[in-house]
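Please read them with the sequence and coordinates at hand.

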Amino acid sequence: MDFINLFEKSKLNNIISLDISNNTISHAYMLCGQDELYLTYLATELSRRLLTNNHNENCNCSTCQKISSGVHSDVLTYPTGNNGIVVEDVNKIVEQSFIYPLEGDRKVFILKNFDVCTTQAQNKLLKTLEEPNNYVTFILTTCVPSAILATIKSRTKLIDIEPVNNLEVKNFLSKNSELNKSQLDTFVYSSGGSLTRAIKIINDADFLKIKNLVLNTFVNMLSSSDVLKYSSSICSYKGKLGEILDEFNLIIRDLTLIKSNNEKSVLNTQNLEAYNKCNFSLKALSEICKLVMVSQNKLKANCNPNAVIDSLLLGMLEAKFKWK
């Protein structure tokens, strides 16, 4: 994928450039953010900088080509499958960390989504992080730093990665998809500044149906008799309720802007006509935003999805009529 020089714009670029120039490269970096795809890209690019003495993103040398293609013998990525890193993986990592680099003077281990690494595996890796060989650098990525042992985090250089902005998402999608302008604006709006979500929804055949369903819920759900209909429709998209609640938040954002006389900042301008039919006060929108957050937490806690959505929709109606 063409990442349009996003590394050059990230603060990670400045940090690693200084580390390389000052000869203070850490034995372990932890990249913390909310965009899994972006973190993986940054980790790969970071490995390239470490092995090529800070070559830029557009370098086309053989080393850079191999790293970008995932075939460089000194850049090892875990996990190799869809599951998290387990003890067996760590045993291989530790064993490989004692083998000298084959093509350069440094070996890099990229450990993706380290927050889903088992506790046993984290503890198993701890000693290697404490006493690494001087030619080894670990790059850990995580969307949930709190799930990682404090002892692991204390032995890495933590770097908080800010999300990309909507313009960068738009540029990314225009280079990596065949969307027309109207479609592009729609997907950028719903990506929420996440490349991971942008790619996911582009490849989701149900995305536009879900988007319209959520909008119709705000516009046309007028009484408690409508709750069952909309709840059933929403819950029919099993496994996608998280994405649906994200759409709720995006609509709440736009409606809040309109109610605050800031229509120019609305992201999804295609919905303006429908938005004007929504009769929600600012207070109601604030309460609904809280309800969505509660619903997201309930789903993460494995509460009954139907009950969660029923409660959310009933709460929406109550807020709508209580705070007119």
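**Notes on helix packing and local geometry**

1. In this predicted model, helix α9 (residues 181-191) and helix α10 (residues 195-202) have axes that come within 8 Å and cross at roughly 130°. The two helices, α9 and α10, are therefore oblique to each other. Their crossing is right-handed.

2. The α9 side of this contact consists of Phe 187, Ser 190 and Ser 191, which meet Arg 197, Ala 198, Ile 201 and Ile 202 in α10. Sorted by class, the residues in the contact of α9 with α10 are 4 nonpolar, 2 polar and 1 charged.

3. Helix α10 also meets α3, where the axes come within 5 Å and cross at roughly 120°. An angle of this value makes α3 oblique to α10. From α3 the contact takes Glu 36, Leu 37 and Tyr 38, and from α10 it takes Leu 195, Thr 196 and Ile 199. The contact of α3 with α10 has 4 nonpolar residues, 1 polar and 1 charged.

4. A search of the whole structure gives 8 aromatic pairs. In the pair of Tyr 38 and Tyr 41, the ring centres are 6.3 Å apart and the planes are at 20°, so the pair counts as stacked, the cut-off being under 30 degrees. Both residues, Tyr 38 and Tyr 41, belong to helix α3 (residues 36-51), and they are 3 residues apart, about one turn of the helix.

5. Next, the pair α11 and α13. Helix α11 (residues 207-220) packs against α13 at an angle of about 50°, and the axes are 10 Å apart. The helices α11 and α13 are therefore oblique to each other. In passing α13, α11 makes a right-handed crossing.

6. The α11 residues in this contact are Phe 207, Ile 210, Lys 211, Val 214, Leu 215, Thr 217 and Phe 218, and those of α13 are Ile 244, Glu 247, Phe 248, Ile 251, Ile 252 and Leu 255. By class, the contact of α11 with α13 divides into 10 nonpolar, 1 polar and 2 charged residues.

7. Ile 4 is placed in the segment before α1 (6-9).

8. Where is the cis peptide bond that ends at Pro 79 placed in the chain? The bond runs from Tyr 78 to Pro 79, and its omega is near -5°. Pro 79 lies in the loop between β2 (75-78) and α5 (87-97).

Technical notes: Residues are numbered from 1 along each chain as its sequence is written. This is a predicted model: local features need pLDDT of at least 70, side-chain atom pairs count only at pLDDT 80 or more; totals for chains, interfaces and linings use all residues. Side-chain values use heavy atoms; hydrogens and water are left out. Axes are lines fitted to C-alpha atoms, for helices over the stretch in contact, and angles run from 0 to 180 degrees between N-to-C directions. Helices (H or I, at least four residues) and strands (E, at least two) are DSSP runs, numbered from the N terminus. Angles under 35 degrees count as roughly parallel, over 145 as roughly antiparallel, 65 to 115 as roughly perpendicular and the rest as oblique. A crossing is left-handed if the near helix is turned anticlockwise from the far one by less than a right angle, and right-handed if clockwise. Contact means heavy atoms within 4.5 Å. Ala, Val, Leu, Ile, Met, Phe, Trp, Tyr, Cys and Pro count as nonpolar, Asp, Glu, Lys and Arg as charged, and the others, Gly among them, as polar. Rings of Phe, Tyr and Trp (its six-membered ring) pair if their centres lie within 6.5 Å; planes under 30 degrees apart count as stacked, over 60 as edge-to-face and the rest as tilted.
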